[in-house]
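Okay, thanks everyone, let's get going.

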Amino acid sequence: MLLIVWHSRTGAACAMAEAALRGAMSEGEARAVPAAEAGPDDLLGAQGYLFVCPENLGTMSGAMKEFFDRCYYPLLGRIEGRAFATAIAAGSDGSGAERQIERIVTGWRLRRIAEGLIVNLGAQTPEEIRAAKVVPAPALQKCHDLGQSFGAGLAMGAF
Ligand SMILES: Cc1cc2nc3c(=O)[nH]c(=O)nc-3n(C[C@H](O)[C@H](O)[C@H](O)COP(=O)(O)O)c2cc1C
């Protein structure tokens, strides 16, 4: 079972999570849960995790961080060795969010099974930042493929 935990403010990371879910479900069991609703039991019930969120002010979005804050200690030492990957929606960077998630899940001793995926949409001005986002098809395809290969690996027992 692949668990996708996601947060999105203007739709990009939501579309990315949905694309990844479609890919994962073509290979096996998967579910996507919004960060605000995801809890320790959701993670305990999955063998792999895909974390999907925007970069905000150089780090993961606050709602995503709240999920980790809530779940970190209840799960410490209980999910060691499980697989993870990340997909970050960003304006022009995304590396800060990716790095921060990596640092946190290192404490859980998770294993990265795919290179971090960052989708840059180029929003820079206040108007562009608050506009609803349309993720281009090639980027959604990458999210789909990530979900598919993650799901396939889990189904085969490779991860
Ligand atoms: C408060 C705020 C801060 C942001 N900071 C960054 C940033 O540090 N680096 C970056 O690349 N993009 C930044 N962005 C742009 C978002 O990451 C980008 O618009 C992303 O596509 C939003 O994803 P979402 O549609 O899933 O909410 C910021 C957006 C907001 C609203």
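Let's start in the core. The largest nonpolar core has 53 residues, and Ile4, Met16, Ala20 and Val52 are the ones that touch the most other members. Helix 1 gives the most to this core, ten residues. By nonpolar core I mean a set of buried Ala, Val, Leu, Ile, Met, Phe, Trp, Tyr and Cys residues joined through C-beta atoms within 7 Å. Buried is 20 or more other C-beta atoms within 10 Å of a residue's own, exposed is 12 or fewer, partly exposed is in between, and C-beta atoms are placed from the backbone. In soluble globular proteins, nonpolar side chains do tend to be buried together.

Quick housekeeping: this is a predicted model, where local features need pLDDT of at least 70 and side-chain atom pairs count only at pLDDT 80 or more, while totals for chains, interfaces and linings use all residues. Residues are numbered from 1 along each chain as its sequence is written. Helices (H or I, at least four residues) and strands (E, at least two) are DSSP runs, numbered from the N terminus.

So, what does Val52 touch? Leaving out residues up to four places away in sequence, Val52 touches Ile4, Trp6, Ala13, Met16, Ala17, Ala20 and Ala87. Contact here is C-beta atoms, placed from the backbone, within 7 Å.

Now the ligand. There are 21 residues around the ligand, the closest being Ser8, Ala12, Ala13, Pro54 and Gly91. Helix 1, strand 3 and strand 5 each give two or more residues to that shell, and strand 3 gives the most, with three. To count as near, a residue needs its C-beta atom, placed from the backbone, within 6 Å of the molecule.

On to helix 6. Its 20 residues, 137–156, should span 28 Å at 1.5 Å a residue, and the end C-alpha atoms are 28 Å apart, which agrees. The expected span is 1.5 Å times one less than the number of residues. Among its buried residues are Cys143, His144, Leu146 and Phe150. The buried residues of helix 6 pack against several elements, including helix 1 and strand 3. Just after helix 6, Gly157 has a positive phi of about 80°.

Last, two non-glycine residues. Leu57 has a positive phi near 50° and sits in the loop between strand 3 and strand 4. Arg109 has a positive phi near 60°, in the loop between helix 4 and strand 6. Leu57 is exposed, with 9 other C-beta atoms within 10 Å, and Arg109 is exposed, with 12.

How values were computed. Contact = placed C-beta atoms within 7 Å.
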